[in-house]
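Have the viewer open and click along as you read.

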Amino acid sequence: MIGVEDRREVMSDGSVYVEPTPEEEKDMEDIAVRWKELVPDFAKDVDAIRMEVHGEPTTVLEALLGYCYWHNVEVPQEIRDRCQHYIDLEILEI
């Protein structure tokens with residue numbers, strides 16, 4: 001298995017990019033689906049954001065978390081916990 005350090009790339013602007021594995025991408029997709037299950041009233045927003053960012057799992061979660069922050073929408077604890085894992089790995093940037 002390739003470690004995070006092997007996938008970590010520092011860009012010219014100093015930002016960090018970590019390429020998610022296929023398993024991580026699948027899990028991030030599952031997070032978005034679970035979010036819709038936990039908060040059915042937010043499901044349309046999840047779908048709209050997913051379409052707007054063309055469904056790329058990392059971008060979808062980053063956009064959803066940003067949307068919630070800017071619109072003062074509560075993120076379910078389960079979703080926060082699962083996303084935090086990817087934030088810690090520097091796969092998600094928020």
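## Aromatic rings

Tyr69 and Trp70 are both exposed (over 50% relative accessible area; buried is under 20% and partly exposed is in between, using a 1.4 Å probe and protein chains only). This is a predicted model, where local features need pLDDT of at least 70 and side-chain atom pairs count only at pLDDT 80 or more, while totals for chains, interfaces and linings use all residues. Residues are numbered from 1 along each chain as its sequence is written, and side-chain values use heavy atoms, with hydrogens and water left out.

How many aromatic pairs does a search of the whole structure find? It turns up 3, where rings of Phe, Tyr and Trp (its six-membered ring) pair if their centres lie within 6.5 Å, and planes under 30 degrees apart count as stacked, over 60 as edge-to-face and the rest as tilted. One of them joins Phe42 and Tyr67: this pair is tilted, at 5.9 Å centre to centre with 40° between the planes. The pair bridges distant parts of the chain, with Phe42 in the loop between α2 and α3 (43–52) and Tyr67 in helix α4, 25 residues apart. Phe42 is buried at 5% relative accessible area, whereas Tyr67 is partly exposed at 27%. Tyr69 and Trp70 make an edge-to-face pair, 5.2 Å centre to centre and 85° between the planes. Ring pairs also tie Trp35, Phe42 and Tyr67 into a cluster.

## Where α2 meets α4

Helices here are DSSP runs of H or I with at least four residues, strands are runs of E with at least two, and both are numbered from the N terminus. Helix α4 covers residues 57–70, and its axis runs 8 Å from that of α2 at an angle of about 40°. For these values, axes are lines fitted to C-alpha atoms, for helices over the stretch in contact, and angles run from 0 to 180 degrees between N-to-C directions. The α2/α4 crossing is left-handed, meaning that the near helix is turned anticlockwise from the far one by less than a right angle (clockwise would be right-handed).

On the α2 side, the contact (heavy atoms within 4.5 Å) is made by Glu25, Met28, Glu29, Ile31, Ala32 and Trp35. From α4 come Pro57, Thr58, Val60, Leu61, Leu64, Leu65 and Cys68. Sorted by class, that gives 10 nonpolar, 1 polar and 2 charged residues. Ala, Val, Leu, Ile, Met, Phe, Trp, Tyr, Cys and Pro count as nonpolar, Asp, Glu, Lys and Arg as charged, and the others, Gly among them, as polar.

Thr59 also lies in α4 and is partly exposed at 31% relative accessibility. Thr59 and Met28 are 31 residues apart in sequence and 9.8 Å apart in space, C-alpha to C-alpha.

Glu24 sits in helix α2, which spans residues 22–38. Is Glu24 buried or exposed? Glu24 is buried, with a relative accessible area of 11%. Setting aside neighbours within four places in sequence, Glu24 touches Arg7, Glu19, Tyr86, Leu89 and Ile91.

Leu38 and Ala63 are 25 residues apart in sequence and 18 Å apart in space, C-alpha to C-alpha.

## Cysteines

The disulfide count is 0, taking a disulfide as a pair of cysteine sulfur atoms within 2.5 Å. Cys68 is in none, and the nearest cysteine sulfur, that of Cys83, is 9.5 Å away. Both side chains are tucked in by the accessibility cut-off: Cys68 is buried at 2%, and Cys83 is buried at 1%.

## Positive phi

Which residues other than glycine show a positive phi? One of them is His54, with phi near 65°. His54 is found in the loop between α3 and α4 and counts as exposed at 74% relative accessibility.

Glu90 has phi near 70°. Glu90 is in the segment after α5 (77–88) and is partly exposed, with a relative accessible area of 27%.
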